[in-house]
Amino acid sequence: RVRSASAKQSVLISESATKRIRKTMRLSRSLLVAITTICLPTASKSWNIGDTPTEYTTDWFSVYAGKNGAEALIPRERGSIQNFQPAMPLPDDYGVYDASSCPHLGSNLVEWNDPTLIWPSSPDNLAGPPSADGSSIELPPNTHVIIKMGSLSPSGVYGTITIPPTSALIFDDTGDESSAITLQTLGIDVDGALLAGSQTCRITGGIEITLHGEIDNGAVGFSERHLADAAGSNMALKGIVVNDVPGARWDFHGKLYHPTWTRLAAPVPGSLASTLNIPNARDSMLFLQDCVNWPQGGKIVVTTSHAKDTRGYNFNEEAIIATGADAVQCVSVNGETFGLVHLASPLQHYHHAGEREYQCEVGLLSRNILIQGNEKSPPTDVYPLECEYSGNGWDMVPCENTFLTGFGGHTIIIGQAEGRLRGIEFFRMGMTNILGRYPVHFHRSITGQVGEVSDCSVHESYFRAFTVHDTFDLKVSRNTAFDISGHAYYLESGVEERNTLEYNLAA
């Protein structure tokens with residue numbers, strides 16, 4: 001794999017030609033490789049785990065330098081030698097369902113908007129649902145409150161919600177991920193239980209929690225109820241905090257998407273297509289080394305082929321999966337099984353996939369449970385993207401003293417509290433350089449052996465992604481982290497032991 005000095009594209013070259021190319025590159029500043037591909041797909045239906053692959057009728061012709069005119073899809077076993085990774089296994093509890101473990105199907109549940117329910121935080125102990133006006137809210141003691149579709153105010157922001165030790169806040173399952181229960185809040189402070197599904201009852205409907213708050217940049221009226229300086233001392237500000245209290249727990253179990261990330265089984269020509277007469281379909285259809293059950297309309301990331309990867313030199317691409325019956329397929333080609341994903345819009349850049357060497361990763365970012373910072377979360381000090389530099393072979397590098405004002409949401413599970421987080425998307429999270437304010441944070445947890453964070457994604461984070469601090473025996477598995485400021489998978493103190501980090505992607 002070499003990079004053309006003029007086109008700035010990575011291209012696949014035969015091993016036998018490597019020495020000649022190195023010599024040529026000393027004499028020439030550009031290298032052109034012709035790729036011509038024709039794909040003729042057959043119709044299929046969206047794939048689910050366990051479905052039989054569809055036979056894929058295709059004419060797969062190429063004029064590919066060093067490949068004797070032939071290009072073949074790359075199955076996993078021929079994907080890599082030195083960096084071989086086994087296929088991502090299904091979770092141990094795959095296929096296990098127990099309706100009796102679903103908290104939203106339990107007995108003695110009280111609806112959030114029950115007109116007879118008296119909330120301790122309500123003025124004068126009046127009955128009726130709390131207002132979405134930023135005022136603090138405390139659940140009644142010894143009460144399991146369920147939030148259903150239509151329970152919450154469609155406008156306004158609820159204040160910090162406190163769940164006392166003997167109470168639980170439970171999200172219903174709408175059964176449709178396109179139909180989401182939406183909660184706008186300043187934060188959630190958990191001494192009791194925050195629940196959506198269980199380990200044997202994954203939620204299939206949509207849940208969206210937006211954490212509100214805005215950093216103070218000195219402008220008049222530029223604060224939304226609380227500021228960044230307060231976030232350092234008050235964890236509940238723009239956060240979900242599960243406190244060091246016996247019995248406190250956070251159980252969110254979203255839909256299983258498998259695998260959460262994979263690799264290309266064929267290159268994406270990108271900008272090479274227009275100059276080399278390659279059909280545009282190759283930029284909007286991805287052949288993958290694994291079959292996937294990713295959602296139509298879901299967001300994915302295709303990682304860069306370039307050695308340099310910075311904000312100012314960014315060839316990673318986010319894309320949206322198309323909608324329709326053929327958007328996500330599992331196909332059989334010459335006896336090998338591959339995933340086939342169609343995109344709503346074509347990719348713009350070349351993404352490499354070479355047999356027995358490197359293939360760009362493709363990760364799913366969307367989940368049916370979304371926890372996000374509000375639209376005021378991104379940093380405002382974002383320019384310039386790169387500054388001039390001399391040394392280490394680079395002439396442009398990221399600038400100092402930029403991207404320091406990110407103020408996203410955060411979550412933390414502390415001490416005796418338990419956390420089981422599966423199938424959650426964390427977006428616009430993390431508070432830049434505020435200690436302990438990360439998208440996912442297990443802090444001095446003594447319940448790691450019963451905790452886990454798996455099948456989750458973190459993208460556009462302003463301060464790290466998955467943090468394990470003074471915590472032992474925790475499982476961190478099958479996660480995707482993309483566009484992260486700082487460490488993606490972070491063992492904070494260096495004393496953490498017996499934690500399992502497996503099948504995770506960072507890009």
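**Confidence, sheet and rings**

Mentor: This is a predicted model. The protein averages a pLDDT of 84, and 82% of the residues score at least 70.

Trainee: Where is the pLDDT below 50?

Mentor: One such stretch is residues 59-69, which has 38 contacts in the model beyond near neighbours in sequence. Residues 219-227 also have a pLDDT below 50, and that stretch has 22 contacts beyond near neighbours in sequence.

Trainee: Okay, new topic. How many strands are in the open sheet?

Mentor: Nine strands, with parallel pairing, in the order β4-β6-β8-β11-β14-β26-β29-β32-β35.

Trainee: And which are the edge strands?

Mentor: β4 (109-111) and β35 (500-502), since each pairs on one side only. From one strand to the next, the twist averages 15°.

Trainee: What does β4 pair with, and over how many bridges?

Mentor: β4 pairs with strand β6 (residues 144-147) in the parallel sense, over three bridges. Within β6, I146 is the bridge partner of E111.

Trainee: Let's do aromatics. How many aromatic pairs does a search of the whole structure find?

Mentor: Eight. One of them is W112 with W119, an edge-to-face pair at 4.9 Å centre to centre, with 65° between the planes.

Trainee: Why edge-to-face?

Mentor: Because planes over 60 degrees apart count as edge-to-face, and here the angle is 65°.

Trainee: Are those two buried or exposed?

Mentor: W112 is buried, because its relative accessible area is 0% and the cut-off for buried is under 20%. W119 is buried as well, with a relative accessible area of 1%.

Trainee: Which residues do ring pairs link into a cluster?

Mentor: W112, W119 and Y158.

Trainee: Give me another pair.

Mentor: Y438 and Y490 are also edge-to-face, 6.2 Å centre to centre and 90° between the planes. That pair links distant parts of the chain, 52 residues apart. Y438 is in the loop between β27 (424-429) and β28 (440-443), while Y490 is in strand β34 (residues 489-491).

Trainee: Buried or exposed, those two?

Mentor: Both Y438 and Y490 are buried.

Trainee: What sits over the ring of Y490?

Mentor: The charged end of R464, 4.0 Å from the ring centre.

Conventions
Residues are numbered from 1 along each chain as its sequence is written. This is a predicted model: local features need pLDDT of at least 70, side-chain atom pairs count only at pLDDT 80 or more; totals for chains, interfaces and linings use all residues. Side-chain values use heavy atoms; hydrogens and water are left out. Rings of Phe, Tyr and Trp (its six-membered ring) pair if their centres lie within 6.5 Å; planes under 30 degrees apart count as stacked, over 60 as edge-to-face and the rest as tilted. Buried means under 20% relative accessible area, exposed over 50%, partly exposed in between (1.4 Å probe, protein chains only). Helices (H or I, at least four residues) and strands (E, at least two) are DSSP runs, numbered from the N terminus. A charge sits over a ring if NZ of Lys or CZ of Arg is within 6 Å of the ring centre and within 35 degrees of the ring normal. pLDDT is the predictor's confidence in each residue, from 0 to 100. Contact means heavy atoms within 4.5 Å. Two strands pair if DSSP finds at least two bridges between them. Axes are lines fitted to C-alpha atoms, for helices over the stretch in contact, and angles run from 0 to 180 degrees between N-to-C directions.
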